[in-house]
Amino acid sequence: ARDRERYFEESTALAGAFGVPRSVVTEDLREFRDYVQDQFATLRPSAQSVDITASLMRPGMRFVPDPAFVPLNWITATLLPTRLRRALGVDDLNAAELAAVRSSSVVLRATLPHLNGLLGANPLNGRAIRGRASAAA
């Protein structure tokens, strides 16, 4: 809850930096969540958005076969509310597909916090930072 509140506050500041009038920015996170819920309730995909969704799910890239995108499509499907997923023509996941996405999520949540330190330990990163600092001096 604290992270969500902080994210909302940072986003509000960012909206101001992009010139979004304060009058259209919600006062607090609860009001924002209510606004988003109302927007989702009335959202109806257009024919164009259905076509775009189909091309994103099956891009037909010459050197990457469409089945390579299946795991990403499963993740996309789980992120969409059921009503929108069906309106966009995105298939529901079967039990095995849903289990694969959920288990991947568990593994990522356990692994990513540890990767950040490992990725930051790349010696090339330090060289690049030191090089930038000495160039600025």
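Biologist: In this predicted model, which residues does Glu97 touch, not counting residues up to four places away in sequence?
Modeller: Glu97 is found in helix α6, which spans residues 95-120. Leaving out residues up to four places away in sequence, the contacts of Glu97 are with Trp74 and Asp92.

Biologist: How far from Glu97 is the nearest side chain of opposite charge, and which residue is it?
Modeller: Glu97 is buried and yet has no salt bridge. A salt bridge would need a side-chain nitrogen of Lys or Arg within 4 Å of a carboxyl oxygen. The nearest side chain of opposite charge to Glu97 lies 9.4 Å away, and it belongs to Arg85.

Biologist: Is Arg85 buried or exposed?
Modeller: The cut-off for a buried residue is a relative accessible area under 20%. Arg85 has a relative accessibility of 11%, and therefore Arg85 counts as buried.

Biologist: By about how much of the helix are Arg6 and Glu10 separated?
Modeller: The side chains of Arg6 and Glu10 meet in a salt bridge, at 2.9 Å from N to O. Arg6 counts as exposed at 52% relative accessibility, while Glu10 is partly exposed at 43%. Because Arg6 and Glu10 are four residues apart in helix α1, their separation is about one helical turn.

Biologist: Which element gives the largest share of the lining of the largest pocket?
Modeller: The largest pocket holds about 270 Å³ of space. Of the 13 residues that line it, the closest to the centre are Phe8, Ser11, Val25, Thr26 and Phe32. Two elements give two or more residues to this lining, α1 (2-17) and α2 (29-42). The largest share, six residues, comes from α1.

Biologist: Which helix gives the most to the lining of the second largest pocket?
Modeller: The second largest pocket has a volume of about 220 Å³, and of the 13 residues that line it, the closest to its centre are Met57, Arg58, Asn73, Trp74 and Asp91. By class, this lining has six nonpolar, two polar and five charged residues. With four residues, the helix that gives the most to the lining is α4.

Key. Residues are numbered from 1 along each chain as its sequence is written. This is a predicted model: local features need pLDDT of at least 70, side-chain atom pairs count only at pLDDT 80 or more; totals for chains, interfaces and linings use all residues. Side-chain values use heavy atoms; hydrogens and water are left out. On a 1 Å grid over the protein atoms alone, a cavity is a set of points where a 1.4 Å probe fits but cannot get out, and a pocket is an open set with protein on both sides within 12 Å along at least five of seven lines; lining residues have an atom within 4 Å of a point. Grid points are joined across faces, edges and corners, and a volume is the space filled by probe spheres set on the points. Ala, Val, Leu, Ile, Met, Phe, Trp, Tyr, Cys and Pro count as nonpolar, Asp, Glu, Lys and Arg as charged, and the others, Gly among them, as polar. Buried means under 20% relative accessible area, exposed over 50%, partly exposed in between (1.4 Å probe, protein chains only). Lys and Arg count as positive and Asp and Glu as negative; His and the chain ends are not counted. Contact means heavy atoms within 4.5 Å.
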